[in-house]
Amino acid sequence: MDRADLRYAAYARERLAAMPPPADAEAFALAYNLLQLAYLLVTDLETRIHRPRGWTLPGFRLMFKLWLLGPTQPARLAEISATSRSAVTNAVNTLERDGLVERRPLPEDRRAVVVGLTPAGEAAVREIFAEQTSREQEWFSCLGADERGNLTDLLGRVLAARPGDAP
């Protein structure tokens, strides 16, 4: 299938390869493809799975973390989501309004709170997780198991070595 975005990426890479430094055709191609994949994947998951339910992908990701971790402090959710505390607070407010999460005081520090899934939230995460997993499998079906593992490992290395001032 002819894809205009891939034609553009090839054209840009070719043009950059003919330019002197600091042009870096390989770095451009890698970043372009990662960004394009991330954009298309997020858009697809949002459009097909989350928006029809009135959700967002970030809201689902927060609920998924709570499903795996159990009740968690908002600051910890922000840290592992690489996002701001205010973004987590906004998402929690929306999910709490919809009856999917609830804030609970910490027994050892009544001023601190944790966020946890409600029974309705847990049921929703289980249902949507199955649907999202199926769609993710479709996206990566062109790769074999070893290739998926290698790509996951490589991306993990890049994430771990990201610049110190990056989120």
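Thr72 counts as buried, because its relative accessibility is 7%, below the 20% limit for that class. Its place is in the loop between H3 and H4. The structure is a predicted model. Two kinds of interaction were computed for Thr72. The side chain of Thr72 reaches the backbone oxygen of Gly70, at 2.7 Å. Thr72 also touches Leu66, Leu77, Val114 and Val115, with residues up to four places away in sequence left out of the count. Gly70 itself follows H3. The phi angle of Gly70 is positive, near 85 degrees.

Confidence was examined for the whole protein chain. The mean pLDDT is 94. A value of 70 or more is reached by 100% of the residues. Confidence is lowest in S2, where the mean is 91. It is highest in H6, at 97.

H3 covers residues 57-69, 13 residues in total. From first C-alpha to last, H3 reaches 18 Å. This is close to the 18 Å expected at 1.5 Å a residue. At the start of the helix, a side-chain oxygen of Thr56 comes to within 3.0 Å of the backbone nitrogen of Gly59. The buried residues of H3 are Leu57, Gly59, Phe60, Leu62, Met63, Lys65 and Leu66. Several elements cover these buried residues. Among the helices are H2 (25-50), H4 (74-81), H5 (85-97) and H6 (119-139). Strands S1 (101-106) and S2 (109-117) are also included.

In soluble globular proteins, nonpolar side chains tend to be buried together. The largest nonpolar core here has 22 residues. Within it, Trp55, Leu62, Met63, Leu66 and Val101 touch the most other members. Two or more residues come from each of H2, H3, H4, H5, S2 and H6. H3 gives the most, with 5 residues. Leu62 shows what such packing looks like in detail. With residues up to four places away in sequence not counted, Leu62 touches Leu77, Val88, Ala91, Val92 and Leu95. Leu66, one of the core residues with the most contacts to other members, is also touched by Thr72.

Charged side chains were considered next. Side chains of opposite charge can pair when their charged atoms come close. The count comes to 14 salt bridges. One of them joins the side chains of Arg76 and Glu79, at 2.9 Å from N to O. Both residues lie in helix H4, 3 residues apart, about one turn of the helix. An α-helix has 3.6 residues a turn, so residues three or four places apart point the same way. Arg76 is partly exposed, because its relative accessible area is 43%. Glu79 counts as exposed, because its relative accessibility is 55% and the limit for that class is over 50%.

Another salt bridge is formed by the side chains of Arg97 and Asp98, at 3.2 Å from N to O. Arg97 is exposed, with a relative accessible area of 62%. Asp98 is partly exposed, at 37%. Arg111 forms a salt bridge with Asp109, and the closest N and O atoms are 3.3 Å apart. Arg111 has 78% relative accessibility and so counts as exposed. Asp109 is partly exposed, with a relative accessible area of 27%. Salt bridges also link Asp44, Arg48, Arg135 and Glu138 in a network.

Strand S1 is the place of Glu102. Glu102 is partly exposed, because its relative accessible area is 33%. A polar contact of 2.9 Å joins the side chains of Glu102 and Arg104. Glu102 and Val115 are 13 residues apart along the chain. Their C-alpha atoms are separated by 5.7 Å. With neighbours within four places in sequence left aside, Glu102 is in contact with Glu96, Val114, Val115, Gly116 and Thr118.

Methods: Residues numbered from 1 in each chain as written. Predicted model: local features only at pLDDT ≥ 70, side-chain atom pairs only at ≥ 80, totals over all residues. Heavy atoms only, no water. Helix = DSSP H or I, 4+ residues; strand = E, 2+ residues; numbered from the N terminus. Expected span 1.5 Å × (residues − 1). Buried < 20%, exposed > 50% of the residue type's maximum accessible area, 1.4 Å probe, protein only. Contact = heavy atoms within 4.5 Å. Polar contact = N/O pair within 3.5 Å; in protein donor to acceptor, adjacent residues only side chain to side chain. Core = buried A, V, L, I, M, F, W, Y, C linked by side-chain atoms within 4.5 Å. pLDDT = per-residue confidence, 0-100. Salt bridge = Lys/Arg side-chain N within 4 Å of Asp/Glu carboxyl O.
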